[in-house]
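Visitor: I would like to go through this model with you. Could we take it one topic at a time?

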Amino acid sequence: MRLALLGFAGLSFVVASGYWVESMNTLSLVAVSVPLALILGGATGILANEMPRVKSAVQTVMDVMQTVPTFAYLTPLLLLFGFGPVVGLIASAIYAAPPMARNVILGLERIDTDIKEAAIMSGGNRLQQLFLIEIPSATTQIMVGVNQSLMAALSMVIIAAVIGGFNDIGWEVLLTMRKAQFGDALLAGLVIVAFAIVIDRISAGMARQQQRHSRRVALAIVAVGAFVAVLAWLYLPAASQLKLLVPAADWVDGRLTVFVRANGAALDAIKNAAMFYGLLPLRIGLDGAVLPFTWGFQWTGWMSAVLFAVSAGIGGVIALRGRVAAGLMLPILAGIVETGIAELPWPFVLIGAGAIGWVAGGRRLALFAVLMLAAVLFSGLWAKALWSLYLSGAAVLTCAVLGGGIGLICALSPLAWRVVQPICDMLQTIPLFVFLIPVLMFFQIGEFSAFLAIIFYAIVPMIRYTRHGLVTTPPDLIEAATSSGATTWQTMREVRAPYAAPTILLGLNQTILYAFAMLVIAALIGTTGLGQSIFLALGQADIGLGITSGAAMAILALVADRLVQGFAAERRRALGL
């Protein structure tokens, strides 16, 4: 009943918004693209399960597909099919297939060997074993893939509105944002959120193993709905004429204008402080950002020498104590802070990445990191790649500190988690487009707005994984610490945090991938770097620029992903997991 009421409330909001026709056009694209994605992803997953030799290749392809920016999918399709909804439909099907394939592989891998042996002993051939025994046994995990594919397709359909020009809800969001009609943009964005939440909750409910509720009640609801639909068709105005919430959108627009005018100086002060004392030093370094009119003094050469000497000394001491990774990272971070990410010389980046890869995973990981980054260097997009690395790195660092702190609080306080959990659920169901609306409302177009949008989208995995890692510490370890006289914070620092480190690193890994995914969407509000190149290539139908820029961004995400995974694997080995 709760899901039924949620569906009714969500779609009632869509009707009252006045965007019913546009929403149904969006839903029609999802209804066509999702079956294609499920067939493609399901077939790929079954193929990888049946042919172990191709499984690693399939998983590598899926890694690339999920790290390539969403806009990069549209550029080659644009040349083949031109502008229109067909491009969005095909791109959505391709983008939504990997989650289905991954969950099919995972579900088939997790089937108990007893079930497989029973199927063989019953005399079934391979097709019978697969379709009559194994796939039904993996239904729960496969339905999780259906849920993820639905959400991916909905997100991609909204993004494809940039080139579709189709009368759908994504186009309405884009159009109202371009006109600075933030009340209408917020209303259209909330329509997308309502759709996403309803689709997510219903498909997630189907994925859970639970007792099905009465079919008679379901048929009764359908009958009542049909009766009301007939009455509405006969006596009520058309859905496109129902604009009950339009006055509310106009009121929000007016109040927002008043608020921004009254508090413009405070908003500018927040933005300037974040830029001068946070983002700008990360981009161009302390030697370029520390100036008398902002910091009150001038950064000099001897300050740089002291910084490098101190970091090298402390790093050497840490390395001699057995923490080689931390000792190596300290002078590298000092070089980054002093020079700035966007100004780093390419030998420093390649050598630093190789050193970190060697510590995290050995020779193979070091060679992978160096070769991948060298490919970006030779592509001619090095400067833009460093700029993208700067903005996403700044957002990831903020998410790690802020999200890790929130996750820690939620691990200590169940009440805090009850408050934070629905917020995280909402942020994970909102399509990427919608994150741009609130930051534009208050801070307008610019680098700081893009920075905030990336944080809002990428912070959720850090919160969830930090909390999950801290609360899943084995009880016997906690009891041993308590019996030894450890306080709550000592137990957290000495027992829970080290045990949760692999899980927290996995959350950091997901945060990095989320940040790169959002970086391209942020190009819509005035950022530069690879995201802007992809967006420009899309508008100019420049396939070469689109593919190389998308590949460069995918390489940055893959290198960061593999490095974090290497450290996580090392921590798991140290803990004996």
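Guide: What follows is a conversation about a pocket and some helix contacts in this predicted model.

Visitor: Let us begin with the second largest pocket. What is its volume?

Guide: The second largest pocket has a volume of about 2000 Å³.

Visitor: Which residues are closest to its centre?

Guide: Met329, Leu333, Leu508, Val564 and Phe567 are the closest to the centre, out of 49 residues that line this pocket.

Visitor: And which elements give two or more residues to that lining?

Guide: They are helix 15 (324-339), helix 16 (346-361), helix 18 (382-412), helix 21 (447-471), helix 23 (488-521) and helix 25 (543-575).

Visitor: Which helix gives the most?

Guide: Helix 18 does, with 12 residues in the lining of the second largest pocket.

Visitor: How do the lining residues divide by class?

Guide: In the lining of the second largest pocket, 39 residues are nonpolar, seven are polar and three are charged.

Visitor: You listed helix 21 there. How is it placed against helix 12?

Guide: The axes of helix 12 (residues 246-284) and helix 21 come within 10 Å and cross at roughly 80°. An angle of 65 to 115 degrees counts as roughly perpendicular, and helix 12 and helix 21 are therefore roughly perpendicular to each other.

Visitor: Which residues make that contact?

Guide: Helix 12 contributes Ile270, Lys271, Ala274, Met275, Leu279 and Arg283, while helix 21 contributes Glu447, Phe448 and Phe451. By class, the contact of helix 12 with helix 21 has six nonpolar and three charged residues, with no polar ones.

Visitor: A change of topic: what about helix 2 and helix 9? At what angle do their axes cross?

Guide: The axes of helix 2 (residues 20-50) and helix 9 (residues 169-178) cross at roughly 125° and come within 7 Å. That angle makes helix 2 oblique to helix 9.

Visitor: Which residues are involved in the contact?

Guide: On helix 2 they are Glu22, Ser23 and Thr26, and on helix 9 they are Ile169, Gly170 and Glu172. The contact of helix 2 with helix 9 has one nonpolar, three polar and two charged residues.

Visitor: How many residues of helix 9 are buried?

Guide: Seven of its 10 residues are buried, so helix 9 is largely enclosed by the rest of the structure. The buried residues of helix 9 are Ile169, Gly170, Glu172, Val173, Leu174, Thr176 and Met177.

Visitor: And what is found just after helix 9?

Guide: Ala180 lies there, with a positive phi of about 60°.

Terms used
Residues numbered from 1 in each chain as written. Predicted model: local features only at pLDDT ≥ 70, side-chain atom pairs only at ≥ 80, totals over all residues. Heavy atoms only, no water. 1 Å grid on protein atoms, 1.4 Å probe; cavity = no way out; pocket = protein on both sides within 12 Å on 5 of 7 lines; lining within 4 Å. Points joined across faces, edges and corners; volume = space filled by probe spheres on them. Helix = DSSP H or I, 4+ residues; strand = E, 2+ residues; numbered from the N terminus. Nonpolar A, V, L, I, M, F, W, Y, C, P; charged D, E, K, R; others polar. Axes fitted to C-alpha atoms, helices over the stretch in contact; angles between N-to-C directions. Parallel < 35°, antiparallel > 145°, perpendicular 65-115°, else oblique. Contact = heavy atoms within 4.5 Å. Buried < 20%, exposed > 50% of the residue type's maximum accessible area, 1.4 Å probe, protein only.
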